[in-house]
Number of protein chains: 2
Amino acid sequence: MEKAPRQIILEAPSLEDALPIVKSGISHKRLVILAGRCSVEYEGRASSSLGPGERLIILKSDGSALIHRPKDYSPVNWQPPGSLFQTKLRENKLVIRIYHRKDHEVMEITFTGFKLVSILDLKDSGEFNLYASESDMQQAILTQPSIIEEGFRPITSEKPVDPGFIDVLGVDRNNVLTIVEIKRVKATKKAVLQLKKYMDVINLDSNRKVRAILVAPALAEGAEEILVSLGYEFKTLSPQYCAEILKLRGGKRITEYFK
Amino acid sequence: MEKAPRQIILEAPSLEDALPIVKSGISHKRLVILAGRCSVEYEGRASSSLGPGERLIILKSDGSALIHRPKDYSPVNWQPPGSLFQTKLRENKLVIRIYHRKDHEVMEITFTGFKLVSILDLKDSGEFNLYASESDMQQAILTQPSIIEEGFRPITSEKPVDPGFIDVLGVDRNNVLTIVEIKRVKATKKAVLQLKKYMDVINLDSNRKVRAILVAPALAEGAEEILVSLGYEFKTLSPQYCAEILKLRGGKRITEYFK
DNA sequence: TAATAAATGTCGTTT
DNA sequence: AAACGACGTTTATTA
């Protein structure tokens, strides 16, 4: 059995010294972290050219690659998982060619010097959970429909209709059919138009009155205009509050079981 | 004058050894690169919880933060530029608190061990240029309108109308008003409906015939149906080809100047 | 600051 | 594989 390789950390190695280390790191599917002076060319869905400068490069074992400048949240260049990495010396420069066959994309990083070369093995099986998503809001409405309004009763959720899926379909206290569209952020024109698409379909199918309620933490200026002109309604509801409801419900479930 | 600090690279330092290094790196606005076992809590627009595991953490001098797992393109947790970093030991763990006041967001990374701690200064003034964007497509159509069709003449671009902006407005060889909507990726239903919005507005204003042309590298299945039913047209055009046209035009400009 | 649309968007789900 | 919508979307532009 092959012994577990130790991690490698090199400060400012020469290109010649870095080459076998990077090659080995890539071929053994380890995490490659590079910092150094480089330029980058990209050709694929779009094209880009990045002049010389010092950046941080991350090559992951799943074939994803990130090139980060010293500022900004998003990488200046990148490739999604599934890329192949090739490394070689060319004209006294170390070139990493990143090739995504499926997407027909190529990226080439040309290094003229390194500040850091590191090969690590990160073991990560930690669980990740996200709360207060749109689906959390939908769940909260289904488990406690009164947060929309007193007497609201959901019939179905994610009902498929021609243009997409109606988030929640129900009836109000007067048995009037009600379409609910949920947004986890401030609702824009787009959300209103999405709701309109569903209403158009529902109105074709039935002649009875239908209510449309847009549910979101806030409503944009231009969105309100259209909403009002269409006769739709708005209900303020934050994803955080919905997450709270689900948390409480989760705790209550056992007592309810014994009712 | 303060002397330029040298970069720091530590392999598997203790939490106690790492603390002053990380603190100093943050306060001196240098790039902080950490690899180690940690867990992450996030609270803001949403909330999330990430159990223990080994990750790569990047703290940039503009106050952006990235937490990368060993796989995937996108960070599992992050904060945009403008965040504040606080570091301290708590119950034998090193805690980095990342606080974004403007967005009311907090993220907390709790380290139980490090594999790598590095503080770097990256100098990067390289120029970045992106080609084959939607605006490149628009430029290409304006400089060489025949790529839409023979005889097409643009009148205006980015014309503001009620719902937004018409990408290109022009007339065809028969002087018929023509609306052009550009997409740099395969056009979906959404693009057709966007074009319809513009058409609805234009049709209100005038009674004369108007043509609607959707320009994109490809047309989605469902999109074609609607397009045909609305009597709109489709023209295949790739952003890469548009970038080529602009490159040629750019090279030609001098000769044209002497014509 | 708010609104609006593009993005090498990415990511997941469903057909 | 294609289509479709959510995303802690992010980012840029404009009113």
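Helices here are DSSP runs of H or I with at least four residues, strands are runs of E with at least two, and both are numbered from the N terminus. The model is a predicted one, in which local features need pLDDT of at least 70 and side-chain atom pairs count only at pLDDT 80 or more, while totals for chains, interfaces and linings use all residues. Residues are numbered from 1 along each chain as its sequence is written, chains are lettered from A and ligands numbered from 1 in the order in which they are written, and side-chain values use heavy atoms, leaving out hydrogens and water.

A pocket is an open set of points on a 1 Å grid over the protein atoms alone, where a 1.4 Å probe fits, with protein on both sides within 12 Å along at least five of seven lines; lining residues have an atom within 4 Å of a point. There are 36 lining residues, and Leu193(A), Lys197(A), Leu193(B), Gln194(B) and Lys197(B) lie nearest the centre. Helix 3 and helix 4 of both chain A and chain B each give two or more residues to this lining.

Now turn to DNA strand D. Of the 22 residues around it, those that come nearest are Pro163(A), Arg184(A), Trp78(B), Lys186(B) and Glu221(B); a residue counts here if one of its heavy atoms lies within 4 Å of the strand. A polar side-chain atom of Gln194(A) is 3.3 Å from a phosphate oxygen. Asn77(B) places a side-chain N or O atom 3.0 Å from a base oxygen, and a polar backbone atom of Trp78(B) is 2.6 Å from a base nitrogen. Strand 5 of chain B, residues 77-79, gives the most to this surface, with three residues.

Finally, how are the two chains related? Chain B can be laid on chain A with an RMSD of 0.2 Å by a turn of 180° and a shift of 0.1 Å along the axis, superposing by least squares the C-alpha atoms of residues with pLDDT of at least 70 in both. The two copies are thus related as by a two-fold rotation axis.

Note on methods: Polar contact = N/O pair within 3.5 Å; in protein donor to acceptor, adjacent residues only side chain to side chain.
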